[in-house]
Amino acid sequence: MQKKIISFRNDILPLKNVLYRLALRITLQHEDAEDIVQDTLMKVWNKRDDWDQIDNIEAYALTITRHLALDKLKRADSRITSIDATEVSESAQVNNPYNRIIDSDRLQLVKKLMDELPEKQRSCMQLRDFEGKTYREIAAIMSISEEQVKVNIFRARQSVKQKFQEAEEYGL
């Protein structure tokens, strides 16, 4: 079986959005996430002579992103504020303004609840539910077993679900 020849422009550069979302989910800061993606791309480029020895370049880049983001968090040594408000998707915008406000508030609540999760749970949930990675890929990226990935995702989902239901029942 012949190895695929990896092109920076065609194989690595298109990963920047996935890398950004993971970095943002870990650091919760747009500027930090952008810096981490830039650093990741530079590190991957500097290893270009070894690309043919890497089985999965995407997993490799995501692993670098995760490690850089965790390093950034350790240096910051403090809890960071939540992700800024982002646009509500077109599908969430229902006919009347009241429903749009409710949907926007719910989306912000879910983001806030995810931001409060422990880093491993937050990262596993981001990679699985938002990036569509398999358990095996997540385990390789995070250097943990597939069982640990499943446990982290289960706990993250349960925590977000429980806190969301509490907020819906009792209000914010």
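I started at Arg21, which touches Gln126 and Glu131 once residues up to four places away in sequence are left out. Contact here means heavy atoms within 4.5 Å. Arg21 sits in helix H2 (residues 16-27); helices (H or I, at least four residues) and strands (E, at least two) are DSSP runs, numbered from the N terminus. Arg21 counts as partly exposed because its relative accessibility is 34%. For the record, buried means under 20% relative accessible area, exposed over 50%, and partly exposed in between (1.4 Å probe, protein chains only).

A note on what I'm looking at: this is a predicted model, where local features need pLDDT of at least 70 and side-chain atom pairs count only at pLDDT 80 or more, while totals for chains, interfaces and linings use all residues. Residues are numbered from 1 along each chain as its sequence is written, and side-chain values use heavy atoms, with hydrogens and water left out.

**Overall fold**

I checked the secondary structure next and got eight helices and zero strands. Along the sequence that reads α-α-α-α-α-α-α-α. Of the 172 residues, 37% count as buried. I then looked at the contacts with a separation of 6 or more, and residues 24 or more positions apart account for 65% of them. Accessible areas come from the Shrake-Rupley method with a 1.4 Å probe, and for residues only the protein chains shown count as cover.

Is Thr40 buried or exposed? Thr40 lies in helix H3, and it counts as buried because its relative accessibility is 0%. Leaving aside neighbours within four places in sequence, I found Thr40 in contact with Leu19, Ala61, Ile64, Thr65 and Leu68.

Glu31 is also in helix H3, which spans residues 30-46. Glu31 counts as exposed, since its relative accessibility is 51%. Glu31 belongs to a patch of negative charge on the surface, together with Glu34, Asp35 and Asp39. Patches are made of residues with over 30% relative accessible area and no salt bridge; like charges are joined within 9 Å, and nonpolar side chains (Val, Leu, Ile, Met, Phe, Trp, Tyr) within 5 Å. Lys and Arg count as positive and Asp and Glu as negative, with His and the chain ends not counted. The place of a charge is taken as NZ of Lys, CZ of Arg, CG of Asp or CD of Glu.

**Salt bridges**

How many salt bridges does the structure hold? I got ten, a salt bridge being a side-chain nitrogen of Lys or Arg within 4 Å of a carboxyl oxygen of Asp or Glu.

Asp129 forms a salt bridge with Arg157, and the closest N and O atoms are 2.4 Å apart. This pair links distant parts of the chain: Asp129 is in helix H6 (residues 119-130) and Arg157 in helix H8 (residues 146-170), 28 residues apart. Asp129 is partly exposed, given a relative accessible area of 34%, and Arg157 is partly exposed at 35%.

Lys150 and Glu147 meet through their side chains in another salt bridge, 3.9 Å from N to O. Both lie in helix H8, three residues apart, about one turn of the helix. Lys150 is partly exposed because its relative accessible area is 35%, whereas Glu147 counts as exposed at 53% relative accessibility.

My last pair was Lys112 and Glu116, whose side chains form a salt bridge of 3.0 Å, N to O. Lys112 counts as partly exposed at 42% relative accessibility, and Glu116 counts as partly exposed at 40%.

Leu28 has a positive phi of about 65° although it is not a glycine. I placed Leu28 in the loop between H2 and H3. Leu28 is buried, because its relative accessible area is 5%.

Ser143 came up too, with phi near 60°, a positive value in a residue other than glycine. Ser143 is in the loop between helix H7 (135-142) and H8. Is Ser143 buried or exposed? Ser143 is exposed, since its relative accessible area is 57%.
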